[in-house]
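Trainee: I would like a close look at one part of this structure. Please take me through it in one connected answer.

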Amino acid sequence: MFKQVKKRLTFLYTISLLCLLFLFIGILYFLISHEINQKQVDEVNGYFSKEKMDFMEDLYEKKHRGVEYDPNRTIFYYVYNQEGNLRYGKEVFQNLVGQIKKTEGNSSIKRMEWGKKHLLLVKKTLVINGVLYGFVVLGMDITGEEHVIQNITWTLVGMTLFFSLLFAYLGYYFAGQAMIPIKRAFLKQEKFVSDASHELRTPLSIFYGSLDLMQREEKLSAYGLEVLADARAEAELMNQLINNLLFLARSDKKELPLRLENVNLSELLENTCKRFSRRKAESIALITNIQKGIYLRCDELKIQQLISILLDNAFRYTVDGKIIVSLDTRNERLIITIEDTGCGISSTDLPHIFDRFYRADLSREKGGTGLGLSIAKSIVDAHGGKISASSIEGEGSKFIVFFSREK
Ligand SMILES: Nc1ncnc2c1ncn2[C@@H]1O[C@H](COP(=O)(O)OP(=O)(O)O)[C@@H](O)[C@H]1O
Ligand SMILES: [Mg+2]
């Protein structure tokens, strides 16, 4: 249990720190890359504003035709007329012009890869007095900046990985620290329950003995005998309660010894059902659907106790109707189902029925201590199985126990 809480704490702690880290790194990345990109676009835009009139000339002067190659430029451009025909251009990379036509679309800012180069392309229309004369595609080699952004990205990814590990480690350490007082309080409480129930056993057995003695030695009136019987019944209930508490305290401390042996589960279920059917009310039908010859490596007495708890509940909370007990196998799993058509459990009670001392209001006057299902669960847990309950109020309940045969 502590391990699970510690894991959860570590997980929550790490996740919250990582969320903050991702947010911080995301914002940082966005700001840096946005700043670099904006600077490049500004540079191209500035060039266009400065050279706008020259581009107009390029468009109309006859001698300005074709593409000139000039590898020393920073910004290259291609001037197109209204129909989209190339008139004039200055390029830094030979033969790039063929690519431009294909890649340049309607959006005015575009980034493209050309071989190993990263290029920024900005499309600008040449409009004078509201009349469209053509357009210019301006471009710039941004390979250097792209590499800077890539380096920053890798550095940030590396930092994220490093900090994730660091946070997970720190989270684990701090979760451990936070658990110390909780663990101490829990162990103290556990010891208290175990000691108290242990200590209560002696006076209770003396009390029992005294009741027996009184019954034998004293000549009691009818009323006196009735009182004595009541006292006996209460003592019996208290004995049961103390035994249950001791059982749970031991199971918490993992001191519940399991005597594992190969048990014929089919027979065990049949016999337990028979025992219950002998003292059942006429109005209840007990139906069994038990597959024969199914074995499980388990502690026989404890599994018997588990079945008895579930059957006891089924009978206790069913006035008339059916109780169906089945045993089935499915893919290396054993499935025990105990279903009844009794009073059912409300959806508000259902999530709590395996809690200690939890009893639905309906069952207050039906006896019992509210520890049965917690014991059932601890037995199932100790065998590495699973128990679950489903119910519709007023219609009935179904308890399913799964065990794995591979153990
Ligand atoms: N088969 C059932 N039908 C209806 N309610 C049930 C059934 N089994 C358990 N419950 C509910 O779950 C509660 C807890 O069960 P349990 O731990 O066995 O305690 P109890 O001693 O009250 O039987 C019961 O008080 C009852 O409200
Ligand atoms: Mg019960």
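Which residues are closest to ligand 1, and which element gives the most to the shell around it?

Mentor: This is a predicted model, in which local features need pLDDT of at least 70 and side-chain atom pairs count only at pLDDT 80 or more, while totals for chains, interfaces and linings use all residues. Residues are numbered from 1 along each chain as its sequence is written, and chains are lettered from A and ligands numbered from 1 in the order in which they are written.

Ligand 1 is surrounded by 21 residues, the closest being Asn313, Ala360, Gly368, Gly372 and Leu373 (a residue counts if its C-beta atom, placed from the backbone, lies within 6 Å of the molecule). Helix 6 gives the most, with 3 residues. By type, the shell has 9 nonpolar, 9 polar and 3 charged residues (Ala, Val, Leu, Ile, Met, Phe, Trp, Tyr, Cys and Pro count as nonpolar, Asp, Glu, Lys and Arg as charged, and the others, Gly among them, as polar).

A residue is buried if 20 or more other C-beta atoms lie within 10 Å of its own, exposed if 12 or fewer, and partly exposed in between, with C-beta atoms placed from the backbone.

Helix 5 and helix 6 pack with axes 10 Å apart, at an angle of about 40°. Axes are lines fitted to C-alpha atoms, for helices over the stretch in contact, and angles run from 0 to 180 degrees between N-to-C directions. Helix 5 is therefore oblique to helix 6; under 35 degrees would count as roughly parallel, over 145 as roughly antiparallel, 65 to 115 as roughly perpendicular, and the rest is oblique. The crossing of helix 5 and helix 6 is right-handed, a term for the near helix being turned clockwise from the far one by less than a right angle, anticlockwise being left-handed.

The loop between strand 11 and helix 7 holds glycine 344 and phenylalanine 357. Glycine 344 counts as buried because it has 22 C-beta neighbours inside 10 Å. The C-alpha atom of glycine 344 is 5.6 Å from that of serine 391, 47 residues away along the chain. Phenylalanine 357 has 10 other C-beta atoms within 10 Å, so it is exposed. Phenylalanine 357 also has a positive phi of about 65°, although it is not a glycine. Most residues other than glycine have a negative phi. Glutamate 332, in the loop between strand 10 and strand 11, likewise has a positive phi, near 65°. Glutamate 332 counts as exposed because it has 9 C-beta neighbours inside 10 Å.

Methods
Helix = DSSP H or I, 4+ residues; strand = E, 2+ residues; numbered from the N terminus.
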